[in-house]
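This briefing concerns the fold and surface charge of a protein chain. Please consult the sequence and structure shown below.

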Amino acid sequence: MMDIEQSWGRLVNTERLPEEFLSGNNWHKPSGLNPLARLKRGLRINMFWGIFIATLYILSIFYFPVLIFRVTMIAMLLFTAWALLSTYRMYLQLDPRICNDCSLVSEMQRHYAAIHSWMRMQEKVALFFYPIGAAGGFLLGGVMGSGKSIAEIMSRTPVQVAFVLAILLLTPAAYYLARWLNKKAFGKHLEALRSRIDALSAEG
């Protein structure tokens, strides 16, 4: 533990980063400027929104009596449940405190890699489900707007073209929106963690 505290002390003296940002005391506090604590808070917010979205999916499944739409919403609900479970596991794994017998740099690098891996995995899996959600939303809008069955709606060539275009346009839009939201929620704190790792590695 003394080695860790001395490492932080040397970092503060170098003035490579702001003193209050690199404070060893802040590192061990679950609140304050600890980037791991901030990342963990971001995961809690992520889970809150996941639960909210899952609730909307459940309500829509019961409210709209369109079979194909219900199937797509069940698929999206399953994805959201997986994402919530994945986020919860990441939340449990992320510990702002460093054990006495652990290498500070290696622990920070492990957490940094774990968060990056979690983000990339969520984005890749979501890419498979976005077309399903886009298709379900398009079909529901067509049925509710026209009062016709899906078979009648999809029998028209312009609607078929619009259906394909909706999927082709909404899928990448949703993907890049999700990436932007992840960067907004976690990017700054990951950069702060990366700065601490680089500073400590340079000292070593």
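What share of the contacts in the protein chain with a separation of 6 or more comes from residues 24 or more positions apart? Such residues account for 75% of these contacts, a contact being heavy atoms within 4.5 Å. This is a predicted model, in which local features need pLDDT of at least 70 and side-chain atom pairs count only at pLDDT 80 or more, while totals for chains, interfaces and linings use all residues. Residues are numbered from 1 along each chain as its sequence is written, and side-chain values use heavy atoms, with hydrogens and water left out.

**Fold**
- The protein chain contains eight helices and zero strands, taken as DSSP runs numbered from the N terminus (helices: H or I, at least four residues; strands: E, at least two).
- Along the sequence, the pattern is α-α-α-α-α-α-α-α.

**Burial and surface**
- Of the 204 residues in the protein chain, 41% are buried (under 20% relative accessible area, 1.4 Å probe, protein chains only).

**Positive patch**
- Arg 38, Arg 41, Arg 44, Lys 184 and Lys 188 form a surface patch of positive charge.
- Patch residues have over 30% relative accessible area and no salt bridge, with like charges joined within 9 Å; a salt bridge is a side-chain nitrogen of Lys or Arg within 4 Å of a carboxyl oxygen of Asp or Glu.
- Helices α4 (35–63) and α8 (157–203) each supply at least two residues of the patch, and the largest share, three residues, comes from α4.
- Arg 38 lies in helix α4 and counts as partly exposed because its relative accessibility is 33%, between the 20% limit for buried and the 50% limit for exposed.

Conventions: Patches are made of residues with over 30% relative accessible area and no salt bridge: like charges are joined within 9 Å, nonpolar side chains (Val, Leu, Ile, Met, Phe, Trp, Tyr) within 5 Å. Accessible areas come from the Shrake-Rupley method with a 1.4 Å probe; for residues, only the protein chains shown count as cover. Lys and Arg count as positive and Asp and Glu as negative; His and the chain ends are not counted. The place of a charge is taken as NZ of Lys, CZ of Arg, CG of Asp or CD of Glu.
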